[in-house]
There are 2 protein chains.
Amino acid sequence: MTVADERKGRPAAAAGTDPELACPIGPVVDIVFSRWTTPILWTLHTHGRQRFVELERRITRITPKVLTQRLRQLERDGLVVRTYHPEVPPRVEYEISEFGRSLGPLFAQLAEWAAQNLDTVEEARQAYDGQGAGH
Amino acid sequence: MTVADERKGRPAAAAGTDPELACPIGPVVDIVFSRWTTPILWTLHTHGRQRFVELERRITRITPKVLTQRLRQLERDGLVVRTYHPEVPPRVEYEISEFGRSLGPLFAQLAEWAAQNLDTVEEARQAYDGQGAGH
DNA sequence: CGGGATCCCAAGCGATACTG
DNA sequence: CAGTATCGCTTGGGATCCCG
């Protein structure tokens, strides 16, 4: 199931003395930035409602099993809506929920940061690897 | 939210198509939202420059080995600055780099989303678990 | 088509011991 | 104090088979 599901959003707790996180964004990371969730949400966001196979094809390298797992998790968290059409052959469609769309600005800002600073990270890595080897 | 819509033709870092992501924020997630990086960056952000043990104590449950690994990664990516003081006993201090501070607004927005919507997620989970089990 | 069940392996992390 | 090195377990994910 969920990797670290012990975290419960307890509103009563004071500024997080939670076990492994002294920060309030730990739980969000688990929810939104788990292993495959970001590509899934992004694909659903850009291509709208689509079927299981479409997701499978667009998100390369993901296996159906994992795709199902993540999709279930996102559905459970209310970020994705799953619609089952009892036809032959069966048809299932996934889309971002209204609640899931509240992540829009966040993703946009994230994408913007990526566009502006990703190469800086790359430079930092090369610099580190270059003279970091000599220590 | 269509900020990065036009930069889809971004050349991949390595050769070929990007492995696991049809989305431009995949790499950022790896850099910023890896396993322990969020608590580390948050702690460094809120408590300023501090030593290894301080980080170790504040980020509960993290082992020194993993803390070192993540710290090295963050240093390599240019988000964290490591300062070694050749004393006896040795003293090492960590702080967020200038570049790392560019993540500030992002974290703020993330924290805000968490504060507003985390209980919604919890409700969705309970609803899902409640009647999802009977299905 | 859209999965669930099973087996299995590789990565990640914890625990422990040791160094400068 | 601030790590590095090694071992061993836990776990996520791939591969395969099968069902509705």
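**The annotated stretch.** I began with the UniProt annotation "domain: HTH hxlR-type", from an unreviewed entry, which covers residues 23–122 of chain A. UniProt positions are given in the numbering used here, feature names are shortened, and annotations may be inferred rather than shown by experiment. Helices (H or I, at least four residues) and strands (E, at least two) are DSSP runs, numbered from the N terminus.

**Ground rules.** This is a predicted model, where local features need pLDDT of at least 70 and side-chain atom pairs count only at pLDDT 80 or more, while totals for chains, interfaces and linings use all residues. Side-chain values use heavy atoms, leaving out hydrogens and water, residues are numbered from 1 along each chain as its sequence is written, and chains are lettered from A and ligands numbered from 1 in the order in which they are written.

**Inside chain A.** Next I looked up the domains: chain A is divided into domain 1 (3–99) and domain 2 (103–135), with bounds from an automatic or database domain assignment. Their contact (heavy atoms within 4.5 Å) takes 7 residues from domain 1 of chain A and 4 residues from domain 2 of chain A. Together they bury about 500 Å², 91% of it on carbon and sulfur atoms; buried area is the accessible area (1.4 Å probe) that two parts lose on being put together, summed over both.

Which residues in domain 1 of chain A lose the most area to domain 2 of chain A? They are Val32(A), Phe33(A) and Trp42(A), together 61% of what that side buries.

**Between the chains.** I then turned to chain B and chain A, where the contact takes 53 residues from chain B and 58 residues from chain A. The two chains bury about 5,300 Å² between them, 68% of it on carbon and sulfur atoms.

How many salt bridges does the rule find across the interface of chain B and chain A? It finds 4. I looked up the one in which the side chains of Arg76(A) and Asp129(B) meet, at 2.4 Å, N to O.

On the side of chain B that touches chain A, the elements giving two or more residues are α1 (26–32), α2 (37–47), α4 (64–76) and α5 (104–132) of chain B. Of these, α5(B) gives the most, with 17 residues.
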